[in-house]
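Hi everyone, thanks for coming along. Let me put the model up on the screen, and then we can walk through some helix packing and a pocket.

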Amino acid sequence: MDVVKQHLQGLVYGPSTHSGHLGVVPLLAREGIASPPFYDTLKDAIGAGTARVTEISEGGSVPELLVVNDGPRPVLLVDGEELVGARQNRIVNITLLVPAHGKLHIPVSCVEAGRWSYRSREFTSADRAFHASGRRDKMAQVNLSMRTNASRSADQGAVWDEIASKSARLDAASSTRAAAAMFERRHADLERYVADLTPVQSQVGAVFVARGRVTGVEVFDHPQSWARQMPMLVRSYGLDALDDALHETLDGAAQGLAAAEFVGRIGLEGAHMLAAIGLGTDVRFADGGVVGGALVVERALVHLVAFPTGLGARPSSRGERQSRRAHGRDERVH
């Protein structure tokens, strides 16, 4: 898609910065961007009292939530953003924009398998996103569901399995099997990353490198958007950097080259496009060892996220789900 390709080609690579096992290669806008973003972040809108996120009904539904935007500007929710409260914590399956003075049912995945009871009537933004390797697998699952039945659903059982295995590696047990426990367990380390890795002038995105390996790229339309979302995303990629299961494969001097090579592999020729949930167009791609998605509104890129697929990522198949049921390992059904 030309809009996405032109946006990527217009980026400049800044010098990489590092904190512990996490590296960031800044992506800079080549030219100044005059007008501010036309939307608010979810965290800001909730804080201002202009947006709220709730269960879709008193009984709730695991794969859906309701977002009500009473404000005069659209509200941006980012792929993987975690929402805490209500009956159970969830993550957003896709990046989307809720129209001004509008409401949407949004697709989500549960990241707290052991709770189905109210802690609050409304959700708050946790200011973190699901860990990057988990977002990568979810992205592949959502992309597949978009192609096969035009939905934005993930494999809920696979999401829970991913949380269980990573929680075990990070020694982050939780009575409700919540992904939040991993972030709480490694809070000091993650906040050190956030303090060390800060936006630079004209930055609109970054390629993230965890333990010497490119693990993803995030690009927004405006430096202000990037600055607002960067701490959330640093926590997401930072949790992978703290996972000993990822091994060193590139030295620091190679990270800039690897970043440019990875972004160059984002192929859009076979991209799948659907009308977005909310404003704009949802663009999905999976080619050249890269899986990702982008939200485009009025011929402008709002957010792009992409991950390498050569690291064991794959969507769980229907056959695997059936096999899991046959062996008594299927997910809980609320």
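Let's start with the wording for angles: under 35 degrees counts as roughly parallel, over 145 as roughly antiparallel, 65 to 115 as roughly perpendicular, and the rest as oblique. Those angles run from 0 to 180 degrees between N-to-C directions, and the axes are lines fitted to C-alpha atoms, for helices over the stretch in contact. Helices (H or I, at least four residues) and strands (E, at least two) are DSSP runs, numbered from the N terminus.

A word on where this comes from: it is a predicted model, where local features need pLDDT of at least 70 and side-chain atom pairs count only at pLDDT 80 or more, while totals for chains, interfaces and linings use all residues. Residues are numbered from 1 along each chain as its sequence is written, and side-chain values use heavy atoms, with hydrogens and water left out.

Now, helix 3, residues 132-149, and helix 7 have axes that come within 7 Å and cross at roughly 100°. Helix 3 and helix 7 are therefore roughly perpendicular. A132, S133 and R135 of helix 3 touch L233, S236, Y237 and D240 of helix 7, where contact means heavy atoms within 4.5 Å.

Helix 3 has another partner, helix 4, residues 156-169, packed at about 165° with the axes 10 Å apart. That makes the two roughly antiparallel. Here S133, G134, D137 and Q141 of helix 3 meet A158, V159, E162 and K166 of helix 4.

Back to helix 7, residues 223-241: helix 6, residues 187-196, packs against it at about 130°, axes 9 Å apart. So helix 6 is oblique to helix 7. On the helix 6 side we have L190, E191, Y193 and V194, and they meet P231, V234, R235, G238, L239 and A241 of helix 7.

Finally, how big is the largest pocket? Its volume is about 560 Å³. A pocket is an open set of points on a 1 Å grid over the protein atoms alone, where a 1.4 Å probe fits, with protein on both sides within 12 Å along at least five of seven lines; lining residues have an atom within 4 Å of a point. The volume is the space filled by probe spheres set on the points. Of the 23 lining residues, H7, I33, D221, A300 and L301 are closest to the centre. Helix 1 (2-9) and strand 18 (301-308) are the elements giving two or more residues to that lining, and helix 1 gives the most, with three.
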